[in-house]
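Here's a quick tour of a few side-chain features. Have the sequence and the 3D view open as you read.

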Amino acid sequence: MKRTSPSPEDIESLETHLSQTLQRVAPPSGMIQRLSGRIQMPTRSEIRLRITDWRRLFVVFGGVMSGMLLLVTLARAFYYLVGRRDAM
């Protein structure tokens, strides 16, 4: 089956049709206020404190590396077992 890319005219007519068909939906009035209350950006001093906390940084880095090593080991073992079964 051969695929052809749509022409710019087809895309433009589709966009025109969709813009006429679909209508904008306004969010509920209190939703924006609730979201802005939940989202809090940390201050510069908090960011600086988190970066300079070396113990936590090493624990996080070690955890990520251990997880990746475990994932690679499991993937290699699975590949080895599946490859052995296909060879028989």
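## An aromatic pair

Rings of Phe, Tyr and Trp (its six-membered ring) count as a pair if their centres lie within 6.5 Å; planes under 30 degrees apart are stacked, over 60 edge-to-face, and the rest tilted. Searching the whole structure turns up 1 aromatic pair. That's W54 with F58: the ring centres sit 6.1 Å apart and the planes meet at 35°, so the pair is tilted.

Both residues belong to helix α4, 4 residues apart, or about one turn of the helix. Helices here are DSSP runs (H or I, at least four residues), numbered from the N terminus. W54 and F58 are both exposed (over 50% relative accessible area; under 20% is buried, in between is partly exposed, using a 1.4 Å probe and protein chains only).

## One salt bridge

There's 1 salt bridge in the structure, meaning a side-chain nitrogen of Lys or Arg within 4 Å of a carboxyl oxygen of Asp or Glu. R56 makes it with D53, and their closest N and O atoms are 3.6 Å apart. D53 is partly exposed, at 30% relative accessibility.

## A nonpolar surface patch

V60, F61, V64, M65 and M68 form a nonpolar patch with about 490 Å² of accessible area together. Patch members have over 30% relative accessible area and no salt bridge, with nonpolar side chains joined within 5 Å; areas come from the Shrake-Rupley method with a 1.4 Å probe. M68 lies in helix α4 (residues 54-87) and is partly exposed at 48%.

## About the model

This is a predicted model: local features need pLDDT of at least 70, side-chain atom pairs need 80 or more, and totals for chains, interfaces and linings use all residues. Residues are numbered from 1 along each chain as its sequence is written, and side-chain values use heavy atoms, leaving out hydrogens and water.

Note on methods: Patch = residues over 30% accessible without salt bridge, like charges linked within 9 Å, V, L, I, M, F, W, Y side chains within 5 Å. Helix = DSSP H or I, 4+ residues; strand = E, 2+ residues; numbered from the N terminus.
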